[in-house]
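Q: Please take a close look at a single part of this model and describe it in its surroundings. I would like a connected account, with the cut-offs behind each term.

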Amino acid sequence: MTTFAASTVLRDSLFFVVAFFLCIVLLMPDSQFPQLLFEHDGKQLMVLGAIILCTSCIVQILQRLAGEFISSRVVGTGVSVIIVINLLLVLHATAGMFSGLEKVAVILVCLFGMFKVLWQLAIQYWRYIPGLVSRVVLVGNGELVNEMRALISGSGGRFELRDVIECKPLLDASGRSLRVGSRDILQRAKEARADKVVVSLAERRGAFPLQDMLDCKLSGINVLDAQQFYELVNRKLMLEKITPSWFIFANGFRINGVRRFVKRLLDIVMSLAGLAVFAPFMPIVALAIKMESPGDVLFRQVRTGMGDRDFVIFKFRTMRHDAEKQSGAVWAQENDPRVTRLGNFLRRTRIDEIPQLFNVLMGDMSIVGPRPERPEFISTLKEKVPYYSERHFVKPGITGWAQVCYPYGASVEDALEKLRYDLYYIKNYSLLFDFIIIFKTVGVVINKMGR
């Protein structure tokens with residue numbers, strides 16, 4: 001419920017800000033309105049905003065507790081607007097509040113309600129908005145087609161399966177391919193009004209419909225192979241079907257000198273800003289750690305970074321000081337019994353990772369990147385996980401795409417799954433992607449705090 005309330009307040013605050021600026025535009029001809037922002041009426045505007053946001057949040061929480069359906073959210077918005085208007089009328093009549101702001105208040109409340117209703121309708125009917133749902137035709141054979149079927153059905157409605165065209169291998173007695181372009185695939189794709197044709201051939205020899213795919217491509221239909229479609233749907237890589245040549249010829253994996261320089265500059269600015277913000281609280285955290293259990297406040301551990309170079313990572317200690325005295329190096333697990341009560345809180349809120357900002361300043365880490373692993377596990381992971389070394393072509397990060405998309409990992413299988421996300425990040429790196437990951441990290445922290 002805490003997570004729901006926090007996300008509701010953030011979303012409604014955005015609606016209110018947009019409504020407020022639109023209100024300014026609509027009332028700009030009124031020469032007195034801009035003065036309201038700098039005079040005493042600015043306080044009343046803040047009160048007005050608080051009333052709108054609090055009322056909307058309370059109504060939504062009550063609806064959630066009552067088990068409301070999505071369709072009733074529009075009704076809830078209408079109810080909250082009516083309540084706000086009545087509250088404003090009562091305050092205006094009894095306390096004389098909002099005098100001179102009557103027009104502003106009415107327009108602001110109506111715009112806020114309108115934006116909320118449009119958002120709620122978009123959530124409910126987004127599948128009917130042209131361009132938001134991709135129509136897919138599968139062309140293939142074997143188990144790979146079934147995997148793509150499951151992928152589409154689990155896409156949350158973003159993709160719609162329109163047709164499945166089976167392509168069986170056709171060979172002559174000498175083993176040469178007999179398949180020629182039949183043009184049937186293009187016709188069926190047009191009948192299905194397909195946006196994408198996904199080639200899912202478990203057996204390609206004698207089965208790949210070259211002419212058909214060329215016809216689809218030149219007709220404006222997006223032609224993808226199974227690996228590309230898997231990446232598009234899941235935002236991670238299908239490592240089982242990837243060959244070394246795929247890495248060579250695939251788009252992406254371009255973190256050149258300019259991008260590295262800009263990323264490094266951003267890391268320095270953000271780490272300095274983070275240390276400035278958290279500096280007053282770090283001694284408090286250190287004192288709490290010291291009071292709960294004996295041992296050092298900071299936890300130091302060797303990790304492997306960019307170029308397979310080892311470095312020492314800093315964290316606030318969250319485990320007992322003798323956590324690995326008997327067992328040696330072992331995977332950390334979720335709900336690990338070695339973690340102290342305070343350490344559990346520090347981990348959930350990511351406070352334990354604040355000292356890693358010093359690692360960022362020293363150049364060993366970045367704000368965003370794959371999480372650095374311990375060298376004791378690296379050799380095993382390189383043997384069992386394909387392409388594991390490729391994640392070391394970028395600096396490790398405090399947060400990353402794998403961290404915000406996948407739960408806590410404590411095994412080789414988890415390392416493989418997280419590698420899918422790490423390599424997707426490296427392939428599609430951009431500054432915008434970094435900011436998306438940072439914002440998602442904030443959401444993950446808020447969600448864990450609400451548990």
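A: The chain contains 18 helices and eight strands, taken as DSSP runs numbered from the N terminus (helices: H or I, at least four residues; strands: E, at least two). The model is predicted, and local features therefore need pLDDT of at least 70, side-chain atom pairs count only at pLDDT 80 or more, and totals for chains, interfaces and linings use all residues. Residues are numbered from 1 along each chain as its sequence is written, and side-chain values use heavy atoms, with hydrogens and water left out.

Of the 451 residues, 43% count as buried; buried means under 20% relative accessible area, exposed over 50%, and partly exposed in between (1.4 Å probe, protein chains only). Among contacts (heavy atoms within 4.5 Å) with a separation of 6 or more, 75% join residues 24 or more positions apart.

E3 belongs to an open sheet of four strands with the order E2-E1-E3-E4 and parallel pairing; two strands pair if DSSP finds at least two bridges between them. The edges are formed by strand E2 (159-166) and E4, each with a single partner strand, so one side of each is left without a neighbour in the sheet. On average, neighbouring strands of this sheet are turned by 25° against each other, direction ignored. Such angles are taken between axes, which are lines fitted to C-alpha atoms (for helices over the stretch in contact), and run from 0 to 180 degrees between N-to-C directions. Helix H6 (residues 143-153) packs on the sheet and touches E1, E2 and E3, its direction making about 165° with that of E1.

On one flank of E3, strand E1 (residues 134-141) runs parallel and is joined by six bridges; here Leu138 stands opposite Val198. Strand E4 (residues 222-225) is also parallel to E3, with four bridges. Val198 has Leu224 as its bridge partner in E4, while Val197 stands opposite Val223.

Arg188 is partly exposed, with a relative accessible area of 34%. Leaving aside residues up to four places away in sequence, Arg188 touches Asp163, Val164 and Ile165. The C-alpha atoms of Arg188 and Asp163 are separated by 7.9 Å, although the two residues are 25 apart along the chain.

The chain exposes about 24,500 Å², with 63% supplied by carbon and sulfur atoms; accessible areas come from the Shrake-Rupley method with a 1.4 Å probe, and for residues only the protein chains shown count as cover.
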